[in-house]
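Please look over the protein shown below. A short report on its surface, pocket, charges and overall layout follows.

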Amino acid sequence: EYVALLGRLQMNNFEMTSATPDGPEGTHRPTGIGVYPSAARINHSCAPNCHQSFDAHGCLVVDTVRDIRKGEEVTIPYVDLRLPREKRRAKLRE
């Protein structure tokens, strides 16, 4: 039961980051993990139509990065899209 719960947490959590880019090279510094049930239903794409971020209160914010057609699936990146393709694939397999 405990192992199953940890597995669900690992598969459905979001790495929370700072609201402002205060990490190395202007990145958003990791601050913890959070579970957001509605957002956990959003699938990954390397060409996403949305992007996730966190506000100063730790709330997950999902913004569109382009127009979304009626009936089109909402997608977000699960990994840093600036990474080379093979590194993104390796991170997704982890």
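## A nonpolar patch

Helix α1 gives four residues to the nonpolar patch, the largest share. This is a predicted model: local features need pLDDT of at least 70, side-chain atom pairs count only at pLDDT 80 or more, and totals for chains, interfaces and linings use all residues. Residues are numbered from 1 along each chain as its sequence is written, and side-chain values use heavy atoms, with hydrogens and water left out.

The patch covers about 600 Å² of surface. Tyr2, Val3, Leu6, Leu9, Ile33 and Val35 make it. Ile33 sits in strand β2. Patches are made of residues with over 30% relative accessible area and no salt bridge; like charges are joined within 9 Å, and nonpolar side chains (Val, Leu, Ile, Met, Phe, Trp, Tyr) within 5 Å. Accessible areas come from the Shrake-Rupley method with a 1.4 Å probe; for residues, only the protein chains shown count as cover.

## Along helix α1

Helix α1 spans residues 2-12, and Met11 lies in it. Met11 is exposed, with a relative accessible area of 68%. Exposed means over 50%, buried under 20%, and partly exposed in between (1.4 Å probe, protein chains only). Met11 and Glu1 are 10 residues apart along the chain. Their C-alpha atoms are separated by 16 Å.

## The largest pocket

The largest pocket holds about 1400 Å³ of space. Of its 30 lining residues, Glu15, Gln52, Tyr78, Val79 and Asp80 are the closest to the centre. The elements α1, β1 (13-17), β4 (50-54) and α2 (85-93) each give two or more residues to the lining. A pocket, on a 1 Å grid over the protein atoms alone, is an open set of points where a 1.4 Å probe fits, with protein on both sides within 12 Å along at least five of seven lines; lining residues have an atom within 4 Å of a point. Grid points are joined across faces, edges and corners, and the volume is the space filled by probe spheres set on the points.

By class, the lining has 13 nonpolar, 11 polar and six charged residues. Here Ala, Val, Leu, Ile, Met, Phe, Trp, Tyr, Cys and Pro count as nonpolar, Asp, Glu, Lys and Arg as charged, and the others, Gly among them, as polar.

## Salt bridges

Side chains of opposite charge can pair when their charged atoms come close. How many salt bridges are there? The count comes to four. A salt bridge is a side-chain nitrogen of Lys or Arg within 4 Å of a carboxyl oxygen of Asp or Glu.

Arg66, Arg69 and Glu72 are linked in a network. Between Glu72 and Arg66, the closest N and O atoms are 2.5 Å apart. Between Arg69 and Glu72, they are 3.8 Å apart. Arg66 is partly exposed at 35% relative accessibility, whereas Arg69 is exposed at 60%.

Asp80 forms a salt bridge with Arg82, with the closest N and O atoms 3.0 Å apart. Asp80 is partly exposed at 32% relative accessibility. Arg82 is exposed at 63%.

## The whole chain

The protein chain has two helices and six strands. Along the sequence, the pattern is α-β-β-β-β-β-β-α. Helices (H or I, at least four residues) and strands (E, at least two) are DSSP runs, numbered from the N terminus.

The C-alpha atoms fill a box of roughly 40 × 35 × 30 Å along the principal axes. Of the 94 residues, 23% count as buried.
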